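Hi,

Here is the structure we talked about. Please open it next to this message and follow along.

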Amino acid sequence: MEATIPNLKLGAFHSLSSNLTLTPPFSLRFSLTFPETSRKKSTTLRQTFSSSISHIRLRVSANSQAAPASTQATKVSSIPPEMKAWVYGEYGGVDVLKFDEKVSVPEVKEDQVLIKVVAAALNPVDAKRRQGKFKATDSALPTVPGYDVAGVVVKVGSQVKELKEGDEVYGDINEKALEGPKQFGSLAEYTAVEEKLLALKPKNLDFVQAAALPLAIETAYEGLERTGFSAGKSILVLNGSGGVGSLVIQLAKHVFGASKVAATSSTRNLEKLKSLGADLAIDYTKENFEDLPEKFDVVYDAIGQCDRAVKAVKEGGSVVALTGAVTPPGFRFVLTSNGEVLKKLNPYLESGKIKPVIDPKGPFPFSKVAEAFSYIETNRATGKVVIHPIP
């Protein structure tokens, strides 16, 4: 059977021909309202045809005026070809960042989703990348920076299995931090991300809080795993008030079961360390942690003091160095983004055992991204620097 509907108007699908022909198997629902011939006489025809279909479902509505597009069509048609974004076309200081209102919205690959960005966050790697510290393995310029994202899925690739339009998600959009990170980052209205790098946003967190987490919490978690950290072990966290350090304290205490957590910070952040779960808060302006009689199973160096960190570790212990020169037995690793880690940690976030730490100067509005970069490069941020709202 064929269904032929003459002169049918389809809203957003205006490019279709005046006749719509469907060949089974199909499922079609439409309503036709004919113009009134008088105030007292009207004719309305409503008819539904249905048949089995495995993949396609089409809902059509027509009347004397063009019908509104379906929900699906509305979402797709609302995605513009161009977007607002921060861009740099050369490596250098903060001054190379430019605001651009006509950046192409990235294409979505089969395994990706397109995210309408609600909030994004900055990391030290964003600044180092912009400065050209790993240009040999970087993606092409011009670049839209940004690793961390929280937002809403507005389009899905054909091979996406779990996520759907409307899902609120978060993640670190670059699988390899230093090897070919995306040309279109998260400091834009839209960004395309592989499904495997994302997780559903914890229900109790807003987008600002969620954006503050991905790269930092994954780095904290992977570093602890690489040291073989486990219940009953002790740890010293250098720069415990920073983005990664604040999460290392919480993960070590509440996920890995540390016997003792010590951490360093300036005087003003000592109480913050204790609120995160540190048993010993060390004021680095007044004492040298390497001179403490107590040594630790693991030292997590999130500030670049590996030469001192190795003096505070027990024999046979491990020292993780995130930045700066590495002194044996210290080691460095480069994060591999993984949405499964976020999924594993979501229950701890939703229970409130682990909390994001956001710098009190933020969030910075989208118009102040350059100022946010300048601030993070002072190395004085407490927790994460977040960008919100994004147009």
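Asn379 counts as exposed, because its relative accessibility is 64% and the cut-off for exposed is over 50%. This is a predicted model, so please read every value below as computed. Asn379 sits in the loop between H9 and S19. Its phi is positive, about 60 degrees, although Asn379 is not a glycine.

Now go to Thr382. It is found in the loop between helix H9 (369–376) and strand S19 (385–387). Is Thr382 buried or exposed? Thr382 is buried, because its relative accessible area is 6% and buried means under 20%. Which residues does Thr382 contact, leaving aside neighbours within four places in sequence? The list is Ser241, Arg268, Asn269, Val357, Ile358, Asp359, Pro360 and Tyr375.

Next, strand S13, residues 234–238. 5 of its 5 residues are buried, so S13 is largely enclosed by the rest of the structure. In a regular strand, side chains alternate between the two faces of the sheet. In S13 both faces are covered. Ser234, Leu236 and Leu238 are buried on one side. Ile235 and Val237 are buried on the other.

S13 has these strand partners:

- Strand S14 (residues 260–265) pairs with S13 in the parallel sense, over 4 bridges. Leu236 stands opposite Ala262 in S14. From S13 the chain crosses through helix H5 (residues 243–254) to S14, and this β-α-β crossover is right-handed.
- Strand S16 (residues 296–301) also runs parallel to S13, joined by 4 bridges. Here Val237 stands opposite Tyr300.

Last, the cis peptide bonds. Where are they?

- One joins Gly362 and Pro363, with omega about 0 degrees. Pro363 is in the loop between helix H8 (339–350) and H9.
- Another runs from His388 to Pro389, with omega near 0 degrees. Pro389 is in the segment after S19.

Best wishes

Note on methods:
Residues numbered from 1 in each chain as written. Predicted model: local features only at pLDDT ≥ 70, side-chain atom pairs only at ≥ 80, totals over all residues. Heavy atoms only, no water. Helix = DSSP H or I, 4+ residues; strand = E, 2+ residues; numbered from the N terminus. Buried < 20%, exposed > 50% of the residue type's maximum accessible area, 1.4 Å probe, protein only. Contact = heavy atoms within 4.5 Å. Pairing = 2+ DSSP bridges. Right-handed = clockwise from strand over helix to strand, strands pointing away.
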